[in-house]
Amino acid sequence: MSVAAAGWLQAGLLVFALAVTYRPLGDYIAHILTSAKHWRVEKGLYKLMGVDSDADQTWSVYIRSVLAISVVGVILLYLILRLQDHLMLSLGMPGMQANLAYNTASSFVTNTNWQNYVGESTLGYTAQFAGLAVQNFISAAVGICIVATLIRGFTRTRTERVGNFWVDLTRLNLRLLLPFSIVFGIVLIAAGLPQELSSHLTTVNTVTGGSGSLYTGATASQEVIKELGTNGGGIFNANSGHPFENANGFTNWLEIYLLLCIGFSLPRTFGKMVGSHKQGYVIASVMGIIWAGSAATMTWMETRHWGSALAVAGSSMNGKEVRFGVPASALFATSTTLTSTGAIDSTHDSFSALGGGTAIFDMMLGEIAPGGTGSGLYGMLILAIVTVFVAGLMVGRTPEYLGKKIRPSEMKYAALYILATPSVALIFTGIAMATTTARNSMNNAGPHGFSEVLYAFTSMANNNGSAFAGLNGNTDFYNIMGALAMTLGRFLPMIFVLALAGSLAEQRITPASVGTLKTHTPLFAGLLTGVIFIVVGLTYFPALALGPLAEGLK
């Protein structure tokens with residue numbers, strides 16, 4: 001089978017698997033978020049935490065709970081990283097330096113998983129399991145918690161209550177992330193990923209007849225939540241390009257599926273909770289169109305034959321995963337940058353100028369196709385509100401979405417949400433380009449060097465975590481500024497989403513009338529897609545013109 005045929009087959013099977021998963025997984029998540037019954041183990045945890053499981057919170061109390069667990073998470077993870085040489089199962093690894101530990105703690109708590117270190121030579125088992133893996137579960141669940149409050153804002157009336165954070169967080173971990181991780185972790189072990197604690201070094205035979213020792217460890221258990229929770233931080237520096245994290249073509253396909261399945265199923269959850277599955281279909285279709293279009297564009301960019309060397313090779317194999325070829329590498333790159341995963345099975349820095357630019361643009365879209373666990377859907381719903389508002393201006397009436405009026409207060413929260421992440425990405429990029437020490441970290445000059453910095457802060461502000469490898473991020477400047485960018489990029493949008501949820505929940509349901517815009521039609525899907533690209537284009541085009549576009553048009 002040719003590489004192109006294998007790529008088409010993999011993409012087709014992926015779409016089929018996501019379509020099969022859409023309904024049962026989406027309905028199950030809706031059940032988790034709406035069920036009145038608590039499991040016995042959950043009741044025990046609520047009692048231990050001192051939580052009244054039947055008491056809902058206002059949006060301000062909800063966000064304070066989110067911030068509280070995040071602050072505690074940063075402090076605990078920072079201490080684990082700094083003191084890991086005094087902990088059991090440290091494998092002899094020294095404690096992490098202060099600025100790097102702060103960056104790493106902020107990174108994993110914010111679901112970014114940006115890594116300025118080499119995992120296999122920096123962290124022991126305790127830091128990986130009790131530190132990073134715990135945050136992989138919590139941060140993934142937090143994103144779904146936030147979108148659950150926004151959905152409740154549409155479904156509830158005349159109330160200030162949008163849910164109970166501690167109940168949502170506990171249920172999503174115990175009923176969704178943990179059992180799914182166990183099942184798919186076993187599948188990854190069966191497919192060839194290592195999982196053992198007896199020794200972190202395994203003797204392997206080389207192709208030249210020699211032998212050597214390689215770090216292995218409990219890789220499969222870390223890999224599954226890395227993808228399922230759209231985290232992205234890998235045990236190995238090569239991430240999913242390492243055969244211990246990604247053993248073969250099947251695991252490559254499965255990892256792409258895992259990082260997409262929750263994001264693509266959440267629109268079904270949305271439709272189920274608001275009482276209209278058609279609303280979910282519209283959101284899912286827009287996500288699917290953007291994802292498919294981006295994958296096709298990146299694959300086309302990387303298979304173009306610009307130059308004699310590429311014409312002989314048949315494609316641009318520089319930086320690609322040679323085991324899988326261009327299509328599978330481009331599909332992985334598209335999926336990881338359109339979600340907040342940041343995992344890689346190829347080197348994005350070595351993609352063609354426009355191929356790498358497509359990866360940057362995917363993140364600039366806000367990672368909404370389908371985006372991270374929860375964060376992608378609430379980003380898409382904010383853009384749907386903006387679309388309704390624009391359509392309302394065209395016909396001269398107060399816009400409505402799902403029976404709730406989009407008043408000036410709601411639009412202010414939506415506008416602040418849309419401006420928050422680009423502001424962080426572009427301002428921090430500008431600061432870096434104006435700072436000599438930051439520019440010295442660039443391994444390339446000109447447009448590509450600028451693209452490296454732009455990619456880094458776009459990735460951190462959008463909580464993605466992938467990077468152009470040509471930038472040396474392990475410096476005091478990038479460790480501190482990066483941690484700030486990840487923190488602001490994560491929690492500022494959450495605050496505005498929760499404020500919007502609270503504002504919507506206080507309203508009454510407005511009955512639909514003849515003039516109400518139908519938001520479950522292909523027309524609205526087209527309007528929403530157009531607004532997404534216009535908003536992103538107006539916001540980021542100047543920066544893209546200085547980086548990947550300038551390099552690609554040389």
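1. Leu-91 sits in the loop between helix H3 (59-82) and helix H4 (98-109), where helices are DSSP runs of H or I with at least four residues and strands are E runs of at least two, numbered from the N terminus. Its phi is near 60°, a positive value in a residue other than glycine. Leu-91 is partly exposed, with a relative accessible area of 25%; on this scale buried means under 20%, exposed over 50%, and partly exposed in between, with a 1.4 Å probe and protein chains only.

2. On the basis of these values, this is a predicted model, in which local features need pLDDT of at least 70 and side-chain atom pairs count only at pLDDT 80 or more, while totals for chains, interfaces and linings use all residues. Residues are numbered from 1 along each chain as its sequence is written, and side-chain values use heavy atoms, with hydrogens and water left out.

3. As to the overall fold, the chain has 19 helices and six strands. For 554 residues a compact globule would have a radius of gyration near 24 Å, and the 23 Å of the chain agrees with this; the radius is taken over C-alpha atoms, and the globule rule is 2.2 Å times the number of residues to the power 0.38. The C-alpha atoms fill a box of roughly 75 × 60 × 50 Å along the principal axes, and buried residues make up 58% of the 554. Of the contacts with a separation of 6 or more, 78% are between residues 24 or more positions apart, a contact being heavy atoms within 4.5 Å.

4. Which salt bridges deserve a look in the model? A search of the whole structure finds nine, each defined as a side-chain nitrogen of Lys or Arg within 4 Å of a carboxyl oxygen of Asp or Glu. One of them joins Arg-156 and Asp-56, with the closest N and O atoms 2.9 Å apart. Arg-156 lies in the loop between helix H5 (125-155) and strand S2 (161-163), and Asp-56 in the loop between helix H2 (40-49) and strand S1 (57-58), so the pair ties together parts that are 100 residues apart in sequence. Arg-156 is partly exposed at 24% relative accessible area, and Asp-56 is partly exposed at 28%.

5. Glu-245 forms a salt bridge with Lys-226, the closest N and O atoms being 2.6 Å apart. Glu-245 is in the loop between helix H7 (219-228) and helix H8 (249-274) and Lys-226 is in helix H7, 19 residues apart, and both residues are buried. In a further bridge, the side chains of Arg-407 and Glu-410 meet at 2.7 Å, N to O; Arg-407 is partly exposed, with a relative accessible area of 32%, whereas Glu-410 counts as buried at 0%. Salt bridges that share partners join Glu-223, Lys-226, Glu-227 and Glu-245 into one network.
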